[in-house]
Amino acid sequence: MYDWNDLKAFLAVAETGSTLSAAQALRVSQTTVARRIAALEEATGLSLFERRQAGYALTPVGEAMLASALAVREAADRFSEAAGARSRDAGGTVSVTTMEIFAVTVLPPILRDLRAAHPEIHIHLDTADEPRDLAAGAADIAIRSSKQPAGAGLVGRRIADNPWTLYCSRDYADRHGIPHTRAELAAHPFIGGGGGVWEPYQAWLRQYGLEASVVMQYDSASGLLAGVRSGMGLTILPAFLADREPDLIRCLPPKAEDTTGLWLLTHERLRHVPRVRMVLDFLAAALTKLGRG
């Protein structure tokens, strides 16, 4: 193995005919170039140049070695170009779509750590209630709570179980008690709404004749979280985040049919794009660790 800088000096002298011109091209001293040529000749045991009054001339052996040295430079240039292209691909914007309630609870510390690990990546966080169409390019990555994600070309993994069930605050429990059966629910006020979760939530309330117990409605799921934290009443929340809220208490175990999964998804055409792959892997590791904790 030879020092690549020695080979660069060899090529520069071969192309310019002098150590002075080579030194100017390489932006080093003439002494450095001469030392590198001598080191390469010593390492190979070959005489590569004739030292003449007018400069350096390749020996027949040096002429024979020139093509190989040029091939090394071309390979190094290709490597540098490929690395540069990959570095550019690894940077840039990655759009992540998820429900607002996840965006304001579990994701901020994860995205903080992602930024520290990959400062070249900019995250655009989309908190629309309606699922974005990844196939149409509406987002790069989705974090979804679903029994089975639907959509053409989706690939990803189930991070954790994520049942939606009933919660109240500790303050509320101290003042009003905790309903432990569905028969006791009618004596408690409910917080409704939640944007995209309201339709299944309303169906759940209707099933138990509790629609009239709704005393406040919010337009978003994060509003449900704010309402239940305030001690206003009971509400339905995703267990993945609500079980990690120190001020909340789970009132009832979820029914099997209410259990969904937390999914990390992308479209198959994006799964190997470096910046998307980096974010996917980072989110997967962080969310899986959180789910196990």
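Colleague: Which strands and helices do the buried residues of helix 6 pack against?

Modeller: This is a predicted model in which residues are numbered from 1 along each chain as its sequence is written, local features need pLDDT of at least 70, side-chain atom pairs count only at pLDDT 80 or more, and totals for chains, interfaces and linings use all residues. Side-chain values use heavy atoms, with hydrogens and water left out. Helices (H or I, at least four residues) and strands (E, at least two) are DSSP runs numbered from the N terminus, a contact means heavy atoms within 4.5 Å, and buried means under 20% relative accessible area, exposed over 50% and partly exposed in between, with a 1.4 Å probe and protein chains only. In these terms, the buried residues of helix 6 pack against strand 3 (92–98), helix 5 (100–103), strand 4 (121–126), strand 5 (141–146) and helix 11 (274–292).

Colleague: Which residues are exposed on the other side of helix 6?

Modeller: An α-helix has 3.6 residues a turn, so residues three or four places apart point the same way. In helix 6 (residues 107–117) the buried residues are Leu107, Ile110, Leu111 and Leu114. They lie on the same side of helix 6 because they cover an arc of only 95° around the axis, the arc being that of the directions from the helix axis to the C-beta atoms. On the other side of helix 6, the exposed residues are Arg112 and Ala116.

Colleague: What angle does the direction of helix 6 make with that of strand 4?

Modeller: An open sheet of five strands has the order 4-3-5-12-6 with mixed pairing, where two strands pair if DSSP finds at least two bridges between them. Strand 4 and strand 6 are the edge strands, each pairing on one side only. Neighbouring strands of this sheet are turned by 20° against each other on average, direction ignored, with axes taken as lines fitted to C-alpha atoms (for helices over the stretch in contact) and angles running from 0 to 180 degrees between N-to-C directions. Helix 6 packs on the sheet, touching strand 3, strand 4 and strand 5, and its direction makes with that of strand 4 an angle of about 160°.

Colleague: How many of the residues of strand 12 are buried?

Modeller: In a regular strand the side chains alternate between the two faces of the sheet. Both faces of strand 12 are covered, with Gly261, Trp263, Leu265 and His267 buried on one side and Leu262, Leu264 and Thr266 buried on the other. Strand 12 (residues 261–267) is therefore largely enclosed by the rest of the structure, its buried residues numbering seven of the seven.

Colleague: Which residue stands opposite His267 in strand 12?

Modeller: Strand 5 runs antiparallel to strand 12 and is joined to it by six bridges, and Arg144 stands opposite Trp263 there. Strand 6 (residues 154–161) also runs antiparallel to strand 12, joined by seven bridges. The residue that stands opposite His267 is Leu154.

Colleague: What is the bridge partner of Thr165 in strand 10?

Modeller: An open sheet of three strands has the order 10-7-11, with antiparallel pairing. Strand 10 (235–238) and strand 11 (248–250) each have a single partner strand, so one side of each is left without a neighbour in the sheet. Strand 7 (residues 164–169) and strand 10 are joined by four bridges, and the partner of Thr165 is Leu237.

Colleague: Which residues is Ser169 in contact with, leaving aside its neighbours within four places in sequence?

Modeller: Ser169 has its place in strand 7 and is buried, with a relative accessible area of 2%. Beyond those sequence neighbours, Ser169 is in contact with Val228, Arg229, Gly231, Asp247 and Leu248.

Colleague: Where does Arg27 lie?

Modeller: Most residues other than glycine have a negative phi, and most peptide bonds are trans. Arg27 has a positive phi of about 60° although it is not a glycine. Arg27 is exposed, with a relative accessible area of 80%, and lies in the loop between helix 2 (19–26) and helix 3 (30–44).
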